[in-house]
Amino acid sequence: MASAARVDLDGNPIKPITMCMIGAGGFIGSHLCEKLMSETPHKVLAVDVYNDKIKHLLEPASLPWADRIQFHRINIKNDSRLEGLIKMADLTINLAAICTPADYNTRPLDTIYSNFIDALPVVKYCSENNKRLIHFSTCEVYGKTVGSFLPKESPLRLDPAYYVLKEDESPCIFGPIEKQRWSYACAKQLIERLVYAEGAENGLEFTIVRPFNWIGPRMDFIPGIDGPSEGVPRVLACFSNNLLRREPLKLVDGGQSQRTFVYIKDAIEAVLLMIENPARANGHIFNVGNPNNEVTVRQLAEMMTKVYSKVSAEAPLEVPTIDVSSKEFYGVGYDDSDKRIPDMTIINRQLGWNPKTSLWDLLESTLTYQHRTYAEAIKQATSKPVASS
Ligand SMILES: NC(=O)c1ccc[n+]([C@@H]2O[C@H](COP(=O)([O-])OP(=O)(O)OC[C@H]3O[C@@H](n4cnc5c(N)ncnc54)[C@H](O)[C@@H]3O)[C@@H](O)[C@H]2O)c1
Ligand SMILES: O=c1ccn([C@@H]2O[C@H](COP(=O)(O)OP(=O)(O)O[C@H]3OC[C@@H](O)[C@H](O)[C@H]3O)[C@@H](O)[C@H]2O)c(=O)[nH]1
């Protein structure tokens, strides 16, 4: 019996499409490929310099979706095959970026080139060939909240008008140029403006996604295990690494900054809605986050410590956290976003999407994955070699 036809939000049948996914081998790309292969009939031309995180979708050739995913090992900085792939596809999704804060102030040139210059040909090829583009930007384009500039005791700080981030109203507030942290946000903002202008002047069909701290399995790397020993990944992987090694979690500048975390699987549902509902998604910028999952970084550390103790059955450390200065941790030129709560009006209205997973639940499934994937490797890496007799 044929399975029921899949329909979009307006009840129209969804036609299978081919998409060129740039950065498909990364954290978000790997989850999006997984979803597209297991739940849809669409085809993916997966472009990246690495494929470790999607190997399980590419091999063996007997996988049921083997004829729907093709990996192209391409560095988009310098490869003429990119335009051909964009032409072959109905839709391009651009995820490629340097997007770890430890790089923004220490490798600002690479950060600006990756997030702006390298994205230019992608936008140009889509515009010239009349191809739809879903471009991944970031919540960092909002920078700091208006409220952060009010006096500490001001009652206005409690008014959501001063901190909730709205796509069509909130300003983008970055620090001075010498705070090179903002190199990433500024490059992302300029590429957003370029995509938007291509839409306005040349009719490019685009959607811009602003992820608010998506987290889950396969995010970044564990230093010394599947990434460089001295590398500094994003906070989920930093804290996972500390927990796995039974070291205190490092709180940068006291861990006072606030974040809202959304489970990667919830967020991927939103991206699939954008892919399959172009009439509702084109021309829009979407915040994608979970406003109900707000914590300070200190609270995140405390919660991760409790959850990890539960999933690993190990007692928590007596001193679970230590404070470090941002200069010591990230180097000169670091700065931070104080608070990030996404307004959900536009994504709710256009796509009817809402996140489902609580912070506790998403940490439980993610830390279960981290423990299963890395605990043994860490044990082996840290155990002393047996002295030969
Ligand atoms: N994860 C989040 O919470 C988050 C938040 C805000 C914005 N974003 C944005 O979403 C996108 C994806 O993020 P992610 O978390 O999956 O990051 P990621 O680093 O895991 O994935 C990015 C992928 O792009 C690839 N890539 C980078 N430069 C490339 C190049 N020149 N040629 C080919 N491939 C290249 C990398 O190899 C990597 O696999 C990025 O644009 C990022 O800025 C993510
Ligand atoms: O070990 C650590 C790591 C990080 N932190 C803090 O934890 C907070 C979150 O850090 P993350 O590494 O997740 O990065 P941020 O949330 O600042 O930025 C991220 O946001 C959106 C995306 O565009 C990028 O993925 C990244 O820039 C920051 O305040 C950081 O200073 C620690 O206190 N300790």
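## A cis bond in a loop

Let's start in the loop between helix H2 (55-58) and strand S3 (69-73), which is where proline 60 sits. The bond that links glutamate 59 to proline 60 is a cis peptide bond, with omega at about -5°.

Keep in mind that what you're looking at is a predicted model. The protein chain has an average pLDDT of 97, and 97% of the residues score at least 70. For the complex, the predictor reports an ipTM of 0.99 along with a pTM of 0.97.

## What the record says

The unreviewed UniProt entry marks residues 20-289 as "domain: NAD-dependent epimerase/dehydratase". In this model, that span is 35% helix and 17% strand, and its end C-alpha atoms are 24 Å apart.

## Around ligand 2

Which residues come closest to ligand 2? They are Tyr104, Thr138, Glu140, Tyr184 and Asp336, out of 24 residues that surround the ligand. Sorted by type, the shell has 14 nonpolar residues, three polar ones and seven charged ones.

Now for some polar contacts with oxygen atoms of the ligand. Tyrosine 104 puts a polar side-chain atom 2.6 Å from an oxygen atom of ligand 2. Tyrosine 334 also uses its side chain, with an N or O atom 2.8 Å from an oxygen atom of ligand 2. With valine 252, it's a polar backbone atom that lies 2.9 Å from an oxygen atom of the ligand. Taken on its own, ligand 2 has 670 Å² of accessible area, and the protein covers 96% of that. Helix H4 (101-104), helix H8 (235-244), strand S9 (249-252) and helix H12 (326-330) are the elements that each give two or more residues to the shell.

## Two positive phi angles

Head over to the loop between strand S8 (214-215) and H8, and you'll find arginine 218. Arginine 218 isn't a glycine, yet its phi is positive, at about 70°. Is arginine 218 buried or exposed? Its relative accessible area is 15%, so it counts as buried, the cut-off being under 20%.

Aspartate 220 lies in the loop between S8 and H8 as well. Here, too, is a residue other than glycine with a positive phi, this one near 55°. Aspartate 220 has a relative accessibility of 13%, and therefore it is buried too.

Methods. Residues numbered from 1 in each chain as written. Chains lettered and ligands numbered in written order. Predicted model: local features only at pLDDT ≥ 70, side-chain atom pairs only at ≥ 80, totals over all residues. Heavy atoms only, no water. UniProt positions renumbered as here; feature names shortened; annotations may be inferred. Helix = DSSP H or I, 4+ residues; strand = E, 2+ residues; numbered from the N terminus. Near = heavy atom within 4 Å. Polar contact = N/O pair within 3.5 Å; in protein donor to acceptor, adjacent residues only side chain to side chain. Areas by Shrake-Rupley, 256 points an atom, 1.4 Å probe, with all protein chains shown as cover. Nonpolar A, V, L, I, M, F, W, Y, C, P; charged D, E, K, R; others polar. pLDDT = per-residue confidence, 0-100. Buried < 20%, exposed > 50% of the residue type's maximum accessible area, 1.4 Å probe, protein only.
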